[in-house]
Amino acid sequence: MKSKIILILSISFIVFMIFLLFFYLIKGDSSRWQVALGGVLVSALPIFLLFTKVNPFPISLIVGYYIFLFSSLFLGSIEDFYNRFKWWDAVLHFYKGIFMGFVGISLYKLFIATRIQARISKWIIFLFVLSISVNATVLWEVYEFLGDLTFTHTMQSGGNTDTMYDIIIGMISGLLTAIYSMKRREKL
């Protein structure tokens, strides 16, 4: 059942992005068709997880992934929410910090045997979840920097100030998720 839901979500989003790719390719809008092409590639990731036979992520996290893709790629870049609403970037960085914290929780449950989990310090769980979230935030900012350096010049419209705000927001939301994981250790 879980595999079917993931497959339906993935294929639906891929088809949507392929439609946008050709639509903007025909219109000659190079910025938007490139975003749609990227959307096709990143939306296939959950399908690759199906082939690994070990998908540690619950359906809610997969749905959260597609909500993030839709919000950042379609609404943010294609529909220009990043420029129309100055708060849009901050909201997505906050969401991403929480989302990646829950990815960290799922990875913890995958890599740490159930019989050992009760003996793991709550501070180790806290640091692991926080590290996953903060590292994802930093890697995203590196991606934005390299993207601006080589292709777009629009990803870090606020320069260093934008980068620092994004990192701080990602750290705060990652910190909240890490605190949650530490407090709910027995129920993870």
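These legends describe close-up views of a predicted model. Local features need pLDDT of at least 70 and side-chain atom pairs count only at pLDDT 80 or more, whereas totals for chains, interfaces and linings use all residues. Residues are numbered from 1 along each chain as its sequence is written, and side-chain values use heavy atoms, without hydrogens and water.

**View 1. The fold has nine helices and zero strands.** Helices (H or I, at least four residues) and strands (E, at least two) are DSSP runs, numbered from the N terminus. Of the 188 residues, 41% count as buried, meaning under 20% relative accessible area with a 1.4 Å probe and protein chains only.

**View 2. Met-17, Leu-20 and Phe-57 touch the most other members of the largest nonpolar core, which has 31 residues.** Such a core is a set of buried Ala, Val, Leu, Ile, Met, Phe, Trp, Tyr and Cys residues joined through side-chain atoms within 4.5 Å. Helix α4 (59-78) is one of the helices that supply at least two residues each. α4 gives the most, with 10 residues.

**View 3. Leu-20 touches Ala-36, Phe-74 and Ile-78, leaving aside residues up to four places away in sequence.** Contact means heavy atoms within 4.5 Å.

**View 4. A second, separate core has nine residues.** Tyr-108, Ile-120, Leu-130 and Ala-178 are among them.

**View 5. Met-164 lies in helix α9.** Met-164 counts as partly exposed because its relative accessibility is 40%, and that class runs between the buried limit and the exposed one, over 50%.
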